[in-house]
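Open the model in your viewer and keep the selection tool at hand. The stops below go from the whole chain to single residues.

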Amino acid sequence: MVNVDVGGADRLALAVVVQYRMATTEQMHLIVSPGVRIEQTRRRLAKLREEGLVDRITLPQAGRTRVWFATQYGVEVASEWPELREWRPPRLVSDRTAARLRVGHALVVTETGLAFLQDARRRGDVCRPLDWIPEVYHSLGNGEAVIPDALLYYRTSESGGDEDGRGVMRRAFVEVDRATMGPERLAAKLTAYARLHSYAPVQLGRPRAHRQPVVEENWRRRYAMFPRLLFVLDGTGPAGIAARMKALHAAVEFAVLRGLLRSTPVMVAALPDILRDGPSAPVWRPVEDLSQRMSWMDAYRPPAAPTRLTAPEPERSWPTPSWGTSG
């Protein structure tokens, strides 16, 4: 049979650069082709650059690390592919200055997605490179929207899933915070997700006589269940991360959050803990009770009574993200 997948690896590499927004050479290697030598990844990216599909900037402060992003032409090519149907092109996608200014946050988001991807490979779960989708638009009406840093699709290998034994599907909204905003503004994001959880578009037209209109939340058009909400904190030491965790915990008292918290696990973890132990490890804390530690895949029910907050863990050495090395 004729090989109809000629260039398949190039296609996946371009799709990842386009969907992830930005990635270093090493991140691209670990996402797309960890089973080969990194020189092959470098050659593939250089080829895509020669074809005008991707471009790069260099970070002199990080060992001259090369960071890749898609050109306008690359975006136009990839946007025709069905595997990117949930993806929306960012503005100024091919502008070098814009890329340089957003590189810090973008690389941390990519590093977080890579952690989930590698964890799934170790566990035998299903989480492929394009199952991490940054910046998925969710309308709240009137021009407002919730746009998580990433939407995660993850299928476990555990029993008790579908009839064909494919495991259990987990979906999660992921918010990555690098301490660029105050704790109160971070906690305010919970309110936005509570609005998304309850938002139902106004139905136009008159209902039939003696029949109440069916009101359905907008998110049900996409998801069987509302995705879990995961906050990933980075950018400060343990004391700063503990302060932001407490701000999220304090927001639990808002009445507007009750519907969301009754049905949806909302958890928070430090990125260094995720990189060290893996996302499936018990490194996550439910925002209702920061004394607990659990896996993000575990179900959580709020405690019957408030519990005392635990003291921040002692200072310790945390791992360095992979994009801190030269690529």
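Among the contacts in the protein with a separation of 6 or more, what percentage comes from residues 24 or more positions apart? Such residues account for 61% of those contacts. The model is a predicted one. Of the 327 residues, 48% are buried.

**Stop 1: helices α2 and α3**

Select residues 25-32, which form helix α2, and residues 38-50, which form helix α3. Two packed helices are described by the angle between their axes and the distance between the axes. Here the axes come within 9 Å and cross at roughly 110°. An angle of 65 to 115 degrees counts as roughly perpendicular, and α2 and α3 are therefore roughly perpendicular to each other. To see the contact, show the side chains of Thr-25, Glu-26, Met-28 and His-29 on α2, then Ile-38, Thr-41, Arg-42 and Leu-45 on α3. Sorted by class, this contact has three nonpolar, three polar and two charged residues.

**Stop 2: helix α6**

Next select residues 183-198, helix α6. Its 16 residues should span 22 Å at 1.5 Å a residue, and the end C-alpha atoms are 24 Å apart, which agrees. Colour the buried residues of α6: Leu-186, Ala-187, Leu-190, Tyr-193, Ala-194, Leu-196 and His-197. They cover an arc of only 160° around the axis, which puts them on the same side of α6. An α-helix has 3.6 residues a turn, so residues three or four places apart point the same way. Now turn to the face of α6 directed away from the buried side: the exposed residues Glu-184, Arg-185 and Ser-198 are there.

**Stop 3: helix α7**

Select residues 238-250 for α7. This helix has 13 residues and reaches 18 Å from its first C-alpha to its last, close to the 18 Å expected at 1.5 Å a residue. Which residues of α7 are buried? They are Pro-238, Ile-241, Ala-242, Arg-244, Met-245, Ala-247, Leu-248 and His-249. The elements that cover the buried residues of α7 include α6 from the previous stop, along with β8 (169-177), β9, β10 (266-270) and β11 (285-286).

**Stop 4: Gly-235**

Finally, select Gly-235, in the loop between β9 (228-233) and α7. Is Gly-235 buried or exposed? Its relative accessibility is 52%, so Gly-235 counts as exposed, the cut-off being over 50%.

How values were computed. Residues numbered from 1 in each chain as written. Predicted model: local features only at pLDDT ≥ 70, side-chain atom pairs only at ≥ 80, totals over all residues. Heavy atoms only, no water. Helix = DSSP H or I, 4+ residues; strand = E, 2+ residues; numbered from the N terminus. Expected span 1.5 Å × (residues − 1). Buried < 20%, exposed > 50% of the residue type's maximum accessible area, 1.4 Å probe, protein only. Arc of directions from axis to C-beta. Axes fitted to C-alpha atoms, helices over the stretch in contact; angles between N-to-C directions. Parallel < 35°, antiparallel > 145°, perpendicular 65-115°, else oblique. Contact = heavy atoms within 4.5 Å. Nonpolar A, V, L, I, M, F, W, Y, C, P; charged D, E, K, R; others polar.
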